[in-house]
Amino acid sequence: MTLPFTPAELQDLPEVISAPCFATYLQAKGNDREQALELYEWNLDISSALIVPLQVCEVAVRNGIAEAIEAVHGANWPWNNGYIRSLPRPKNRFRYNPADDLQACARKLPTTGKIIAELKFAFWENIFTAGQDSRLWNAHFRTVFPGAPGGLSVAQCRSQAYADLQGIRHLRNRIAHHEPVFTRNLTDDYQRIHDMISWRSPTAAAWMDGKQNVTALIAQKP
């Protein structure tokens, strides 16, 4: 029988990964070094695979939001003081501030398109807060997210989108910081990503389903 890891790999890889990080995998596998490495490899594979749906989701959502903003504030909305003042303000000055993020991007980037690509994921998440209903969503939500559930009100859809994007952002950040994701319910995570893409375009969601290999890897979790 061929072992999945050589003796050198079993010796060296946990040290390269680092003892504190590898301990998470060892604990999950009852201190079996080989099984822990198999789980680590799977975590690498699933994290890599999730980048595809996460990328499609972020692009779909931010472009939908940008269309709604432009419909209200015009093509140069990043420099529109009225729009900047309408953004949600955090109660704690140490928390993410979408207005600060937008103004920082607008100072250094020449076009709206470049700013859209540069803004943090949290910016788009914050546009799904309740204060934007009367300003933005009541008039434009169904236009830019035509696949959203018809049985829910605009406010309910917007609230669900806010909660789902929080979960998606947390997953994205864990992957970006090379953290374990094997303890998460990745089936639910994938469904959230799929649904947000589908709200923007059911066609795009179906296309993404055909491109991804996340669901196959979930079934192969060691």
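**Questions about a predicted helical model**

Tutor: In this predicted model, arginine 192 forms a salt bridge with aspartate 189, and the closest N and O atoms of the pair are 2.9 Å apart.

Student: Why is the contact between arginine 192 and aspartate 189 called a salt bridge?

Tutor: The term asks for a side-chain nitrogen of Lys or Arg within 4 Å of a carboxyl oxygen of Asp or Glu. The closest N and O atoms of arginine 192 and aspartate 189 are 2.9 Å apart, so the pair meets that limit. Both residues lie in helix α10 (residues 186-200), 3 residues apart, which is about one turn of the helix.

Student: Is aspartate 189 buried or exposed, and how do you know?

Tutor: Aspartate 189 has a relative accessible area of 3%, and because buried means under 20%, aspartate 189 is buried. Arginine 192 has a relative accessible area of 28%, which falls between the limits of 20% and 50%, so arginine 192 is partly exposed.

Student: How many salt bridges does the structure hold?

Tutor: The structure holds 10 salt bridges. One of them joins glutamate 179 to arginine 174, with the closest N and O atoms 3.7 Å apart, and this value is within 4 Å, so the name applies here as well. Glutamate 179 has a relative accessibility of 34%, and because this value lies between 20% and 50%, the residue counts as partly exposed. Arginine 174 has a relative accessible area of 30%, so by those limits it is partly exposed too.

Student: What separates arginine 62 and glutamate 58 in helix α3?

Tutor: Because they are 4 residues apart in helix α3, about one helical turn separates arginine 62 and glutamate 58. They form a salt bridge, the closest N and O atoms being 4.0 Å apart. Glu58 and Arg62 are also linked with Arg172 in a network of salt bridges.

Student: What makes arginine 62 count as buried?

Tutor: Its relative accessible area is 15%, and since the term requires a value under 20%, arginine 62 is buried. Glutamate 58 is buried as well. Leaving aside residues up to four places away in sequence, arginine 62 touches Ile116, Ala117 and Trp124.

Student: Which residues gather in a patch of negative charge on the surface?

Tutor: The patch is formed by Glu9, Asp12, Glu15, Glu41 and Asp45. Helices α1 (7-17) and α3 (33-73) each supply at least two of its residues, and the largest share, 3 residues, comes from α1.

Student: Why does asparagine 31 count as exposed?

Tutor: Asparagine 31 has 63% relative accessibility, and because exposed means over 50%, the residue counts as exposed. Asparagine 31 lies in the loop between α2 (19-28) and α3, and it has a positive phi of about 65° although it is not a glycine.

Student: Where is histidine 178, and what makes it count as exposed?

Tutor: The place of histidine 178 is in the loop between α9 (154-176) and α10. Its relative accessibility is 68%, which is over 50%, so histidine 178 counts as exposed. Histidine 178 has a positive phi of about 60°, again without being a glycine.

Student: How far apart are isoleucine 51 and valine 214 in sequence and in space?

Tutor: They are 163 residues apart in sequence and 9.5 Å apart in space, taken from C-alpha to C-alpha. Isoleucine 51 lies in helix α3, and since its relative accessible area of 41% lies between 20% and 50%, it is partly exposed.

Student: How many helices and strands are there in the chain?

Tutor: The chain has 12 helices and 0 strands. Of its 222 residues, 43% count as buried. Among contacts with a separation of 6 or more, residues 24 or more positions apart account for 63%.

Conventions:
Residues numbered from 1 in each chain as written. Predicted model: local features only at pLDDT ≥ 70, side-chain atom pairs only at ≥ 80, totals over all residues. Heavy atoms only, no water. Patch = residues over 30% accessible without salt bridge, like charges linked within 9 Å, V, L, I, M, F, W, Y side chains within 5 Å. Areas by Shrake-Rupley, 256 points an atom, 1.4 Å probe, with all protein chains shown as cover. Lys, Arg positive; Asp, Glu negative; His and termini not counted. Charge placed at Lys NZ, Arg CZ, Asp CG, Glu CD. Buried < 20%, exposed > 50% of the residue type's maximum accessible area, 1.4 Å probe, protein only. Contact = heavy atoms within 4.5 Å.
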